[in-house]
Amino acid sequence: MNNNSTGSVGLKGRLAYGSGDLASALIYQGLGFFILIYWTNEALISPAAAGMILLVSRIFDGFTDIFFGRMVDKVKSKHGKARPWLLWLSIPFGISAVMTFWSPGSDSNTMNIIYAFISYNITMTIYTAINIPYGVLNAKMTSDPVERGVLGVFRGLGVVIGITIVMGLTPVLVQSFGYSVAFMILGALGATLILFTFYGTKEVYGNDMESEEISFKDSIKVLSKNLPWFLMLFGGIVLFTGGTAKTAAMAYYATYNLGNPALMAMLGVIGIPAMVLGMFAAPAMFKRFGKVKASIYSQLIMGAISVVYFVLSLEGLSPMELYSFIFISSVPFGIAMAAFFPLFSDAIEYGEYVTGQRVEGLTYSAASMGTKIGSGIGGAIMAWSLGISGFNAALEVQGDATHFIIEFMFLWAPIIAGVIYAIILMFNRSDKDREKVMATIESARKKQ
């Protein structure tokens, strides 16, 4: 394999790579948007039990990232280290989506809770086993930091397209056929797209660099000295806590605060064009400021925008003010998301720079681990807050406390999380040290 791929991977490679997160978004984002309201309103699971399922499952799933990260580092295949996982698990991933949006329908609420817990964890474990190597694939396709950023843009676009499909198509499918059939269709599409990622990408960088297998103990030592890794791990937890609270609140916001469940599609789709604008603007910002500063600036701008709208919200946001807020705040969010995963790819080189050892799967596992733990915390907070506020699925009109909780989680929680994420990134020097890091690594490799 060519170890010197420092340039463009080509349009086909970019499209194939982006298709991987489009596939994941169909199921993962589908879970984020619909699983909580499915559990509380269809499976009749209490908000307290639903919150506990989300928290325990996502934290457990976050730690399985370490296991699969380690497994990626150990794989030796003619297809590389990352791509084989996409081939092996694409179809099981599609099937698991159907399992999750089904319940025994038993009179025993305990049985529904147990089934929800098991099926949800099966789906998330398969997702992890695909998503960790998929993320590592970014670092295996090229060593060029700008190209990695471009791949991050295509990955982000895949997510955006996936969310658009989920928000635009799923409510129609659910209303016509029910949740199981809806996610059977999404699962089949997702499996097909993951296979396209496998066949349309190549691993051309880094596969010849590990002359000997690094023990798990030594891998942990590498991570313990990797500051950008720690910062992105905790930053991801914060960022996705706020983001998941928003997605979990969206269906409730449309149903109860706006009084029209059909508006959920509008709430989900209105920010999509703005996110795309942000992602297309991201490469230019990466070249001008670097990925770290571009992310910081985007989140601080989003925070400043939110202050204006928060003042307006004290008197109640009109529909146009609400939609404009979602649209405008989605532009900087798109920039941050385009940079998020490529920053973990850069952390792989930083770890090699500090320790002389290259640990790809375990390093990248922090990206997925942070999103999982953050998602678990965000979903649990949303569910438990509903329970505390007096939410009752049997009522068409909820109380003022419930309306307040839903609005706060949907509008303001992700803004607060974004500002905290920006503060964390201020300590990340991966862009500033990039030239020194790569020069040191290349010098060390030439001496080997």
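1. Ala, Val, Leu, Ile, Met, Phe, Trp, Tyr, Cys and Pro are counted here as nonpolar, Asp, Glu, Lys and Arg as charged, and the others, Gly among them, as polar. On that basis the lining of the second largest pocket has 16 nonpolar, four polar and two charged residues.

2. This is a predicted model, in which local features need pLDDT of at least 70 and side-chain atom pairs count only at pLDDT 80 or more, while totals for chains, interfaces and linings use all residues. Residues are numbered from 1 along each chain as its sequence is written, and side-chain values use heavy atoms, with hydrogens and water left out.

3. Cavities and pockets are found on a 1 Å grid over the protein atoms alone: a cavity is a set of points where a 1.4 Å probe fits but cannot get out, a pocket is an open set with protein on both sides within 12 Å along at least five of seven lines, and lining residues have an atom within 4 Å of a point. Grid points are joined across faces, edges and corners, and a volume is the space filled by probe spheres set on the points. The count is one cavity of 30 Å³ or more.

4. The largest cavity holds about 910 Å³ of space. Its lining comprises 49 residues, with Gln29, Ile163, Gly243, Thr247 and Phe333 nearest the centre. By class, this lining has 29 nonpolar, 16 polar and four charged residues. Helix 1 (residues 10-41) contributes the most, ten residues; helices here are DSSP runs of H or I with at least four residues, numbered from the N terminus.

5. The second largest pocket holds about 460 Å³. Ile37, Val174, Tyr179, Thr255 and Pro261 are the closest to its centre among 22 lining residues. Two or more residues each come from helix 1, helix 5 (145-177), helix 8 and helix 9 (263-269). Helix 5 has the largest share, with six.

6. Helix 1 also packs against helix 6 (residues 179-200): the axes come within 7 Å and cross at roughly 155°. Axes are lines fitted to C-alpha atoms, for helices over the stretch in contact, and angles run from 0 to 180 degrees between N-to-C directions. Helix 1 and helix 6 are therefore roughly antiparallel (angles over 145 degrees). Their contact comprises 17 nonpolar, eight polar and one charged residue.

7. The structure holds 27 aromatic pairs, meaning rings of Phe, Tyr and Trp (its six-membered ring) with centres within 6.5 Å. The rings of Tyr253 and Phe410 are stacked, because their centres are 4.7 Å apart and their planes are at 25° (stacked is under 30 degrees). Tyr253 belongs to helix 8 (residues 227-257) and Phe410 to helix 14 (residues 400-425), so the pair links distant parts of the chain, 157 residues apart.

Conventions
Parallel < 35°, antiparallel > 145°, perpendicular 65-115°, else oblique. Phe/Tyr/Trp six-rings, centres within 6.5 Å; stacked < 30°, edge-to-face > 60°.
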